[in-house]
Each structure stands twice: as C-alpha cells, then as structure tokens.
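Colleague: I am new to this one. Please walk me through the labels and how each is reached.

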Amino acid sequence: SNTTVTHALHIAGHMDTPYPDGRELDTLAARGTSVCHCPLVFARSGVILNSFSRYRAHGVNLAIGTDTFPQDIIQEMRLASYLGKVADRDRDSASAAEIYDAATLGGARAFNRSDIGRLIPGAKADIITIAFDSPDVALVDDPIKAVVNYSLGRDVRNVIVDGEVLVRDGEVLCVDEEQIVAQAQNTYRHMTDFLVAMDPKGREREELFPFSYSFRRPD
C-alpha cells in the first residue's frame, strides 16, 4: 500500500471514544497502511495516541512526523516516547529504539523506499550529525537514548541530503533563516487577522488568541 494516515488517533478503543476496541488496527496492518504519528499538535490539546506500542503490536507501520511549530523532529520523537509510556503506564513502552526506528525506517517504509532511512551501500547519502558535547545532552551512554531523551533540534550540526550539504556546523546554507522567520511572523499575523474577520461570533483578537496572563489596560 502507498497509503499513509496522519494521526489516526480516534479509532475504536481510544480512551476518548465511546466505542469498544474494534478491528481498525488489524485492518490498517493488513492493508499495509502506515500511520504518521505527530504527537505535539494533539498533546497541546490534551490528546494522545492510545498507544504507540498497541499499534506496533497489531503490526501497523508507524512513522514520526511534524505538522506544527516548531518543526523539530527530535522533539516529536521525545514526545512520542514519553506519551507512549504514559498511555500504557509502562516505562518500557515506546522505547528509544522503537521511536528512532519509526522516525527513520518507519518513514522509509511509508514511502515504500529502501534507499532512505538507513546508512547502507546503495542508499541515498542522507546523513545528520548531532553534537553530544552540548549542555543539552551532556550525559551519553547509549547514543540512541541520548538523541531521543536529551537532544534538541539546535544540537544538529550537519545535514546532508542525497550528498548535498544543507547545514554545516549548525549554519543553514540553503535558505536565509532571518527572512524565513520574518515571513513566518507575517504569515501568522495575516492568518490570525483572517480568523478574527471570519469568526462567526464576532470575537475580538484578544478573545480568540488570549495571552497567557490577563491584564487590564490603563484607563
């Protein structure tokens, strides 16, 4: 199958649905359908996958993705691991190795590709290097656990895609980062302006997008 379903959270058996466990996971596995797990965006709303290990046990191919800001795959990996343990109440669930495999091999399987997601002869020269000597990481025993449990996106030092160097020593070579940040902020402002203008309840910006702390403007 070439089908990948993003999230696939609210299936029968999920804690937030009234339906008992059904055959959805078996169906996904039998059809070769992959699930792209992006935990951050739903975690912000208090919703989690139920559960990473459960999907794996049914034979579903899981990949890790990003679909919200910040676009930090390492952060998504960490959340997938931690929330998987919370969902199962089991420290051994959603292990670092399982999550790392999902972020690399799982994504490759979702595209029916054997030339990405791994470093072997004949595969694409897709490589990243991560600094383990930063204060973020500091303690390194198992490198896979260090990536999943401690690293941050800013610890990535070099990125090579199909042999082309895109990031060298932490510097992005292919885009203007300052320009992207400015464009992103401008796009966000236009998006929120549109949502305010189209709000059917006529709410003001402060109500639709409230600040973390409320305050009164001086009279």
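Colleague: Where does serine 51 lie?

Modeller: Serine 51 sits in the loop between α2 (39–43) and α3. Helices (H or I, at least four residues) and strands (E, at least two) are DSSP runs, numbered from the N terminus. The peptide bond from asparagine 50 to serine 51 is cis, with omega near -5 degrees.

Colleague: What should I know about the model itself?

Modeller: This is a predicted model: local features need pLDDT of at least 70, side-chain atom pairs count only at pLDDT 80 or more, and totals for chains, interfaces and linings use all residues. Residues are numbered from 1 along each chain as its sequence is written, and side-chain values use heavy atoms, with hydrogens and water left out.

Colleague: Why is arginine 54 called buried?

Modeller: Buried means under 20% relative accessible area, exposed over 50%, partly exposed in between (1.4 Å probe, protein chains only). Arginine 54 has 17% relative accessibility, so it counts as buried. This residue is in helix α3 (residues 52–57). A polar atom of its side chain lies 3.3 Å from the backbone oxygen of alanine 12. Leaving aside neighbours within four places in sequence, arginine 54 is in contact (heavy atoms within 4.5 Å) with residues including Asp21 and Leu25.

Colleague: Is alanine 94 buried or exposed, and what makes it so?

Modeller: Its relative accessible area is 0%, so alanine 94 is buried. It lies in the loop between α4 and α5.

Colleague: What is the angle between helix α4 and helix α5?

Modeller: Helix α4 (residues 73–88) and helix α5 (residues 96–110) pack at about 140 degrees, with their axes 9 Å apart. Angles under 35 degrees count as roughly parallel, over 145 as roughly antiparallel, 65 to 115 as roughly perpendicular and the rest as oblique. Therefore α4 is oblique to α5. Met77, Ala80 and Ser81 of α4 meet Ile99, Tyr100 and Ala103 of α5.

Definitions and conventions:
Axes are lines fitted to C-alpha atoms, for helices over the stretch in contact, and angles run from 0 to 180 degrees between N-to-C directions. A polar contact is a pair of N or O atoms within 3.5 Å; within protein, one must be able to donate a hydrogen and the other to accept it, and residues adjacent in sequence count only if both atoms are side-chain atoms.
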